[in-house]
Structure formats: structure tokens, C-alpha cells
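Subject: Structure for you to look at

Hello,

Here is the structure you asked for, with the sequence alongside.

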Amino acid sequence: MPEIKIITEVAGRICATLVQVGGTVADGDEIVVVEAMKMEIPVPSPASGTITSLLVKLDDVVAEGQAIAMIAN
């Protein structure tokens with residue numbers, strides 16, 4: 001079962017985590033919310049599957065293109 005990296009397209013601070021390891025997501029479901037320049041930007045799942053790992057936690061600072069989670073489909 002291949003794993004897919006979920007990456008953020010903006011740099012900022014993780015202000016919400018909306019999934020847990022072991023949870024299932026559908027294509028387009030929001031995984032985390034990143035606060036950047038006083039805006040909250042959701043990071044969607046690129047595919048349906050099961051969250052195998054969360055690589056960030058609340059209040060972490062992330063860079064553009066950073067992996068935030070892994071899913072197996």
C-alpha cells in the first residue's frame with residue numbers, strides 16, 4: 001500500500017489539526033489549518049485513505065512545501 005505525502009503550499013503556523021492517526025479521509029478533506037499573514041488556510045488531502053502519521057502538531061511553524069502528514073490509500 002503506497003503512502004502519499006500531504007504537503008502545505010504556504011509557510012505559517014499550524015493553528016488546527018483536524019484529523020488523527022488511524023482516521024480516514026476523503027479526497028479534499030481538510031487535514032490541518034495553517035495561519036499565514038492573519039489568514040487561515042486549510043490543507044486538503046490529495047487522495048482518500050487512512051492517516052498513517054501526522055508530522056506536525058498544534059503551534060508548529062511550517063515551511064512552504066513541508067510534509068505535514070502521510071496517508072495510505
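Arg13, Glu35 and Asp59 are linked in a network of salt bridges. Please keep in mind that this is a predicted model. Arg13 takes part in two of the contacts: its closest approach to Glu35, N to O, is 2.4 Å, and for Asp59 the corresponding distance is 2.5 Å. The Arg13 and Asp59 pair links distant parts of the chain, 46 residues apart. Arg13 belongs to strand E2, while Asp59 sits in the loop between strand E6 (49-54) and strand E7 (61-62).

How many salt bridges does a search of the whole structure find? It finds three. One of them joins Asp60 and Lys57, with the closest N and O atoms 3.2 Å apart. Asp60 is partly exposed, with a relative accessible area of 21%. Buried means under 20%, so Asp60 does not count as buried. Lys57 is exposed, at 56%.

Next, the sheet. Four strands make up an open sheet, in the order E5-E4-E2-E7, and their pairing is antiparallel. Which strands are at the edges? They are strand E5 (39-44) and E7, each of which pairs on one side only. E2 and E7 pair over two bridges, in the antiparallel sense. Across this pairing, Gly12 stands opposite Val62 in E7.

In soluble globular proteins, nonpolar side chains tend to be buried together. The largest nonpolar core here has 15 residues, and the members that touch the most others are Ile6, Ile31, Val32 and Ile68. Strand E4 (30-36) and strand E8 (67-72) are the elements that give two or more residues to this core. For an example, look at Ile31: leaving aside residues up to four places away in sequence, its contacts include Ile6, Leu18, Val25, Leu54 and Ile68. Thr17, Pro44 and Ser45 are also among the residues that Ile31 touches.

Regards

How values were computed:
Residues numbered from 1 in each chain as written. Predicted model: local features only at pLDDT ≥ 70, side-chain atom pairs only at ≥ 80, totals over all residues. Heavy atoms only, no water. Core = buried A, V, L, I, M, F, W, Y, C linked by side-chain atoms within 4.5 Å. Buried < 20%, exposed > 50% of the residue type's maximum accessible area, 1.4 Å probe, protein only. Contact = heavy atoms within 4.5 Å. Salt bridge = Lys/Arg side-chain N within 4 Å of Asp/Glu carboxyl O. Pairing = 2+ DSSP bridges.
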